[in-house]
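Reader: I have a protein model open and would like to learn how to read it. Could you walk me through it step by step?

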Amino acid sequence: MQVTVVDHVAGAQSAQGVAVVIDVFRAFSVAAYAFSRGAATVIPVAEVDYARELKRQHPDWLLIGERHARPLPGFDSGNSPADLEKLDVAGRTIIHTTHAGTQGFTSVPASVETLTGALVNAGAIVRYLQALRPEVVTLVRMGHEARENCDEDDLCAELLRSRLLGEPMPVSGIREQLRKVSSAVKFFDPACDWAPERDFDLCTRVDEFDFVLQRDTSASPPRLRKIDVPQTPIKTS
């Protein structure tokens, strides 16, 4: 298996094999928590205007997202897993637009199988890819606003790459390591009420979920599909 690491929208556009588009703080952590709470599906959208138009066409759908990490006027929620806990998402369709994650996700060629990437389901992503055995995996680090690298996406890519290549790295210190990075400062600043501290806790729970989120291009518009990837029980005899 060849594992390639690329960056930002240009990297997403060049993806081959199976693409994993990584956005830890917070887009694809949010998507995972939405499904864990029973959401029917999540529709990743690049443009705010298109997201608003989908909401106009489907008033019963939830509209969430951000620009420059801040919630957008008229949206049901920002890009926050903690704020998502305040909404009844069970059985609902969620429209999701963000400054980085959904930009990259929607830029991957339609012919390329595409998964979301985050720490919360890193183990499931690796198990899924190991079972699929593609010749090439492209890890796309979306970074800060899809224009500069950030520690959490770099670390997530390294975790996935090391596990895929059979060189697993320790995860016990990941939360404390990320607590010190510049992109985490907002979570501990009371003035940043759009980035609650609980978001940091939720986004840094490594291997929290045993499912992957795959792009379903057969739907219109394309959306995420949850695929369970349970851990293989350890044989004791």
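This is a predicted model: local features need pLDDT of at least 70, side-chain atom pairs count only at pLDDT 80 or more; totals for chains, interfaces and linings use all residues.

Reader: What does "buried" mean, and why is β9 described as largely enclosed?

Author: Buried means under 20% relative accessible area, exposed means over 50%, and partly exposed lies in between (1.4 Å probe, protein chains only). In β9, 6 of the 6 residues are buried, so the strand is largely enclosed by the rest of the structure.

Reader: How are helices and strands defined, and how many are there in the protein?

Author: Both are DSSP runs, numbered from the N terminus: helices are H or I with at least four residues, and strands are E with at least two. The protein has 9 helices and 10 strands. Its radius of gyration, taken over C-alpha atoms, is 17 Å, close to the 18 Å that the globule rule (2.2 Å times the number of residues to the power 0.38) gives for 237 residues, so the protein is as compact as a globular protein of that length. Buried residues make up 57% of the 237.

Reader: Which strand does β9 run antiparallel to, and how many bridges join them?

Author: Strands of a sheet pair through backbone hydrogen bonds, either parallel or antiparallel. Two strands count as paired if DSSP finds at least two bridges between them. Here, β9 and β10 run antiparallel and are joined by 6 bridges. A hairpin of 6 residues connects the two strands, and Leu 213 stands opposite Lys 226 in β10.

Reader: Which elements do the buried residues of helix α6 pack against?

Author: Contact means heavy atoms within 4.5 Å. The buried residues of α6 pack against β2 (18–22), β7 (113–117), β8 (136–141), α7 (151–164), β9 (211–216) and β10 (223–228). In α6 (residues 122–132), those buried include Ile 125, Val 126 and Leu 129. After the helix comes Arg 133, whose phi is positive, near 55°.

Reader: What does Val 136 touch, beyond residues up to four places away in sequence?

Author: Val 136, in strand β8, touches Gln 2, Gln 16, Gly 17 and Val 18. In sequence, Val 136 and Val 18 are 118 residues apart, while their C-alpha atoms are 6.5 Å apart in space. Val 136 counts as buried, at 18% relative accessibility.

Reader: And is Arg 141 buried or exposed?

Author: Arg 141, also placed in β8, is buried, with a relative accessible area of 18%. Leaving out residues up to four places away in sequence, the residues Arg 141 touches include Asp 7, His 8, Asp 153 and Asp 154.

Key
Residues are numbered from 1 along each chain as its sequence is written. Side-chain values use heavy atoms; hydrogens and water are left out.
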